[in-house]
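Subject: Structure for you to look at

Hello,

Here is the structure I said I would pass on. Please open it beside this email and follow along; my notes come after it.

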Amino acid sequence: MPSYKIKVKWGKEVYQDVEVNTDEEPMVFKAQLFALTGVQPERQKVMLKGAILGDSNWDKMKLRDNAMVLMMGTKDEDMPVQPVEKTKFVEDMDERELSKAMEMPAGLQNLGNTCYMNAVIQCLKSVPEIRSSLSNYSGRVNLQQGSDAESITAALRDLYKTMDTGATVPPIIMLQVLHTAFPMFAERGEQGGYQQQDANECWIQMLKMLQQKTEAMENPSKQNAIEQFLGIECRSELKCIESEEEPMKQDVEKFLQYNVYIDKDVKYLHTGLKNRLQETLSKHSETLGRNAEYLKTLSITRLPGYITITMMRFQFKQKEAVNAKVLKDIKFPVMLDMFDMCSKELQDRLRPMRTKFKEYEDWLVEHAAKDKGKPEAVRREKLSQDLPSEEVEDWSFPEDKGSNNSGYYTLQAVLTHKGRSSNSGHYVGWVRQKEDTWLKCDDDEVSPVHEEDVLKLSGGGDWHTAYLLLYAPRKLPKNRGTENATPAAAEGEKMEQ
């Protein structure tokens, strides 16, 4: 493997012992230089003895150990400020200007079967508290000496900052640190390109990295922001069915996602959520001295502010050695109620906030005839989800900031898969923007869609099928019970009844 240690001169700085592997594409080396200097790869001009490094190969660069490479380029914060421009009409705008004018977020370039990562990044970006925690992180990307968790956390922070400009972004550095931390994501196919990967596996591994470096906000009982805003806690009870004498075992289990297993009885999300709470398993019984049947029961003791639900659509088929997809149609609601999945103790704690929602909804029913009826109430309920934090009631318990104190949620993002196996096909992120408007984040193409289109992603065919569902806390306006209040509606919660 042609690997060298070289020097890189950038302005007055000289970086010693920079490792270069010419078996990798030059963009990987440019990603390293970005980590060192902060200069975006597209603004780098890398030269050696008059030869300029391209993006596709090393043909013009004859490297050797201790060679001095010159790099020219300006990092973002040193770029001159653009002068004020005259008004532009939509038809005269380029992609970057159009996205900014329409409040479209940035798309992410597909770097070769990297749609799984792009979809994860777009969905996770919809949690503002995670964004805030990342912005407070002071670490930096270090591809040579830093920890994987440090590099992934810093790379995601920097990528989100770049995406805020509104232009399509090539997530080169994010991909590189992901490959370094998890070589399985860097596997290549027979043609030499990157292989498709499982988006849920990417979601899990990225959250584990962020757990190590993000800090909890105003909650000393939680160790990090991921646990604080996405962490589910359950009480588990394990009882031997075949022995009355064997005592029941209790334990505490923690998850970052709620898995829904799909079988012939599951047609609606609520059914799958309930089924997850009980399962039978076979294990060795010390009392009986043999394997016996056990009943495991779960009940949620802590609901996070944002809950991730994974539709377990992939089953490994030994014969074909592939994660085959279950295409069954599973309906999911915009409004989700997790009350039935909670322990009796947590249900009692949820009731005060639920009573406030109920009183508000009763007021809406009473006044619906005076307004424009139910459709208007539903519309204004969606508006309430876009209110700033100071205009809504706290959705967390006071002693556990980041939890959910009502059990009510609204759909925030959906990650879908199109195809027949997890290691092929195509992944897309769908993110709620405001009211009924959602954004379809298909790599570098970001386009508005209606909420009704998102609800059609429930499966049943070869179209995009929901794989991950991300729900946010339902918000209750402080200004309610008056003619000027923002109405709420209970309609979404009746979808599965």
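**The second largest pocket**

The lining of the second largest pocket is made up of 38 residues, and those nearest its centre are Ser126, Pro128, Glu129, Tyr306 and Lys475. A pocket here is an open set of points on a 1 Å grid over the protein atoms alone, with protein on both sides within 12 Å along at least five of seven lines, and lining residues have an atom within 4 Å of a point. Grid points are joined across faces, edges and corners, and a volume is the space filled by probe spheres set on the points.

**What kind of model this is**

This is a predicted model, in which local features need pLDDT of at least 70, side-chain atom pairs count only at pLDDT 80 or more, and totals for chains, interfaces and linings use all residues. Residues are numbered from 1 along each chain as its sequence is written, and side-chain values use heavy atoms, with hydrogens and water left out.

**The chain as a whole**

The protein chain has twelve helices and 19 strands; these are DSSP runs numbered from the N terminus (helices H or I, at least four residues; strands E, at least two). Of its 497 residues, 50% count as buried, where buried means under 20% relative accessible area, exposed over 50% and partly exposed in between (1.4 Å probe, protein chains only).

**The five-stranded sheet**

Five strands make an open sheet with mixed pairing, in the order E2-E1-E5-E3-E4. Two strands pair if DSSP finds at least two bridges between them. Strands E2 (13–21) and E4 (51–52) are at the edges with a single partner strand each, so one side of each has no neighbour in the sheet.

E1 and E2 run antiparallel and are joined by seven bridges. Serine 3 stands opposite asparagine 21 in E2. The hairpin of these two strands has two residues between them, and glycine 11 takes a positive phi near 60 degrees there. On the other pairing, E1 (residues 3–10) and E5 (residues 68–72) run parallel, with three bridges. Lysine 7 has methionine 68 in E5 as its bridge partner.

**The four-stranded sheet**

Another open sheet has four strands in the order E7-E6-E10-E9, with antiparallel pairing. Its edges are E7 (249–255) and E9 (278–285); each has a single partner strand, so one side of each is left without a neighbour in the sheet. Eight bridges join E9 to E10 (residues 290–302). Among the residues involved, leucine 281 has tyrosine 294 in E10 as its bridge partner.

**Cavities and cysteines**

A cavity is a set of grid points where a 1.4 Å probe fits but cannot get out. The whole structure has two cavities of 30 Å³ or more. The largest holds about 60 Å³ of space, and its lining is Cys234, Phe255, Gln257, Tyr258, Asn259, Arg276, Leu277 and Leu298.

How many disulfides does a search of the whole structure find? The search finds zero, a disulfide being a pair of cysteine sulfur atoms within 2.5 Å. For cysteine 234, the nearest cysteine sulfur is that of cysteine 342, 8.8 Å away. Cysteine 234 counts as buried because its relative accessibility is 4%. Cysteine 240 counts as buried at 3%.

Regards
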